[in-house]
Amino acid sequence: MTSSENLFARALRLIPGGVNSPVRAFRSVGGAPFFTKSAQGATLTTADGRELIDFVCTWGPAIHGHNHPRIKAAIAAALEAGTSFGTPNPYEVEMAELIVQFFPSIQKVRMCSSGTEATMSAIRLARGFTRRDKIIKFAGCYHGHSDSLLIKAGSGALTHGNPDSAGVPASFAQETIVLPYNDTAAIEAAFAANPGQIACIILEAYIGNVGFIKPDAGYLQFVRKITGQHGAVLIFDEVMTGFRLARGGVQELEQITPDLTTLGKIIGGGLPVGAFGGRADIMDHLAPLGPVYQAGTLSGNPLAMAAGIAQLKLLDELNPYARLDALGHQVVTAALAAAKAKGMPLQAPQVGSMFSLFFTPTPVRDMATALTSDAKLFGRFFHACLENGIYLPPSAYEAWFLSTAHEGAAIDRACEVITKAIKSL
Ligand code: KE4
């Protein structure tokens with residue numbers, strides 16, 4: 001096995017940026033990415049033989065740690081029967097039954113192969129169901145890379161967004177209204193300025209993609225109420241938070257019933273997966289029943305379903321949420337204590353096994369306040385941790401994740417390193 005440096009040099013010749021997903025390239029923290037040879041529990045083993053305690057957890061799926069024996073065994077058993085059939089298979093039915101059991105708001109569900117597919121399909125479904133074109137998303141929320149959603153906040157609350165990515169036609173961007181998160185007046189104004197035109201609001205109810213941000217008290221209840229009043233579909237994007245923050249995600253914590261929910265990550269047990277589901281009267285607009293087309297060669301893939309079923313059953317058996325919250329609290333408590341001792345401003349929002357550190361004196365409640373965080377300082381912090389065997393998300397604007405496998409030695413070691421790293425800044 002060659003070194004990360006050698007692998008990266010070869011990758012750069014053939015893969016744009018040397019990576020198959022941009023955040024992996026370390027562009028915002030500097031330096032070159034390492035390549036992972038294997039993963040077990042809370043640990044990654046790099047191509048250079050280094051062992052790193054992992055706070056990315058493959059961006060969420062590894063809630064029981066990497067390569068869990070139960071999930072590995074489930075994949076192996078499914079593999080005996082083949083890898084893909086292109087027909088309905090028994091695993092899909094079992095997965096659908098588990099999802100509706102965990103998420104009471106989901107009456108019907110459709111599987112796909114990524115979170116991007118799930119949110120893209122949910123928006124098309126909301127547009128087809130309401131026969132309206134405009135959608136509302138929030139600055140800082142990331143819902144995958146479909147054209148309608150790669151739109152950054154324009155200036156002012158009601159401005160139609162400007163494409164965040166080249167290649168998104170202005171005609172697409174004009175249908176996406178980007179608002180500041182945690183701002184109820186902005187939502188009211190958007191509905192008043194676009195009467196009868198808004199198909200849906202899609203949001204990360206707890207944001208994980210600009211760092212971790214919680215909603216103000218009552219905000220989500222407001223969003224639920226105003227979408228109901230205007231006949232707009234409320235989509236909770238729980239690709240990241242679903243099954244992670246609670247058995248039934250944020251909608252269980254907040255006791256809110258969205259119209260549609262998108263899922264991914266954990267339900268694939270580490271294999272490619274996505275899902276969207278919700279009210280049956282909306283879902284029944286999907287082909288082959290209704291006029292909204294959506295499809296996928298590998299949707300409901302038996303290996304991914306078997307892995308996800310094993311993962312969800314393990315969650316049901318272990319009910320690890322209090323343990324995960326204690327672990328997350330242990331990390332942010334250590335970081336805040338180290339920053340306090342140094343007189344360094346630090347925000348450390350945390351719920352369960354999702355949290356992040358913002359190097360700013362400003363309480364973080366939306367993208368604008370998140371961007372007051374010192375990203376350069378985070379880069380130095382990131383590398384001080386990596387040098388001492390702790391791998392954090394390689395961006396100041398991502399949520400950290402941990403797993404049940406972090407309990408014990410790994411979390412203690414991580415708190416030690418994080419404390420020392422903050423002191424060294
Ligand atoms: P995927 O298409 O990457 O499976 O899912 C898109 C997506 C949708 N919704 C939410 C709330 C998400 O967090 C994501 C993907 N999350 C990123 C982490 N910030 C994936 C990491 C990456 O892009 O490589």
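Good morning. In what follows, a helix is a DSSP run of H or I with at least four residues, a strand is a DSSP run of E with at least two, and both are numbered from the N terminus. The structure on the screen is a predicted model.

With those terms in place, I begin with Arg 131. This residue sits in the loop between helix 4 (115-130) and strand 5 (134-138). Arg 131 is not a glycine, yet its phi is positive, at about 55 degrees. Is Arg 131 buried or exposed? Its relative accessibility is 78%, and it therefore counts as exposed, the threshold being over 50%.

Trp 59 belongs to the loop between strand 3 (51-54) and helix 2 (69-80). Its relative accessible area is 16%, so Trp 59 is buried, since the cut-off is under 20%.

One further backbone feature deserves mention. The peptide bond leading from Ala 287 to Pro 288 is cis, and its omega is near 5 degrees. Pro 288 is found in the loop between helix 9 (280-283) and helix 10 (302-318).

I turn now to the ligand. Which residues come nearest to it? There are 16 residues around the ligand, and Ser 21, Thr 116, Asn 209, Asp 237 and Glu 398 come nearest. For three of these, I can give a distance to the side chain. In Ser 21, a side-chain N or O atom is 2.6 Å from an oxygen atom of the ligand. In Asn 209, the side chain places an N or O atom 2.4 Å from a nitrogen atom of the ligand. In Glu 398, a side-chain N or O atom is 2.8 Å from a ligand nitrogen. As for cover, the ligand taken alone exposes 540 Å², and the protein buries 85% of that.

The make-up of the shell may also interest you. Sorted by class, the shell around the ligand contains five nonpolar, seven polar and four charged residues. Domain 1 (3-63 + 320-424) and domain 2 (69-317) each supply at least three residues to this shell.

An open sheet is formed by four strands in the order 1-2-3-15, with mixed pairing. Strand 1 and strand 15 (390-391) each have a single partner strand and stand at the edges, so one side of each is left without a neighbour in the sheet.

Let us walk through part of that sheet. Strand 1 (residues 36-40) is paired antiparallel with strand 2 (residues 43-46) over four bridges. Thr 36 has Thr 46, in strand 2, as its bridge partner. The hairpin of these two strands has two residues between the strands, and in it Gly 41 adopts a positive phi near 60 degrees.

Strand 2 also runs antiparallel to strand 3, and three bridges join the two. How many residues lie between strand 2 and strand 3 in their hairpin? There are four, and Gly 49 in the turn has a positive phi of about 80 degrees.

A parallel pairing is seen elsewhere. Strand 5 and strand 8 run parallel and are joined by four bridges. One of the pairs links Ile 135 to Thr 176 in strand 8. Strand 8 (residues 176-179) is covered on both faces: Thr 176 and Val 178 are buried on one side, and Ile 177 and Leu 179 are buried on the other.

I close with two individual residues. Thr 227 lies in helix 7 (residues 219-230). With a relative accessible area of 0%, Thr 227 is buried. Where does its side chain reach? The side chain of Thr 227 reaches the backbone oxygen of Arg 224, at 2.9 Å.

The other is Gln 350, in strand 13 (residues 350-351). Gln 350 has a relative accessibility of 18% and therefore counts as buried, the limit being under 20%. Gln 350 and Lys 214 are separated by 136 residues in sequence, while their C-alpha atoms are 8.5 Å apart in space.

Thank you for your attention.

Terms used. Residues numbered from 1 in each chain as written. Predicted model: local features only at pLDDT ≥ 70, side-chain atom pairs only at ≥ 80, totals over all residues. Heavy atoms only, no water. Near = heavy atom within 4 Å. Polar contact = N/O pair within 3.5 Å; in protein donor to acceptor, adjacent residues only side chain to side chain. Areas by Shrake-Rupley, 256 points an atom, 1.4 Å probe, with all protein chains shown as cover. Nonpolar A, V, L, I, M, F, W, Y, C, P; charged D, E, K, R; others polar. Domains from an automatic or database assignment. Buried < 20%, exposed > 50% of the residue type's maximum accessible area, 1.4 Å probe, protein only. Pairing = 2+ DSSP bridges.
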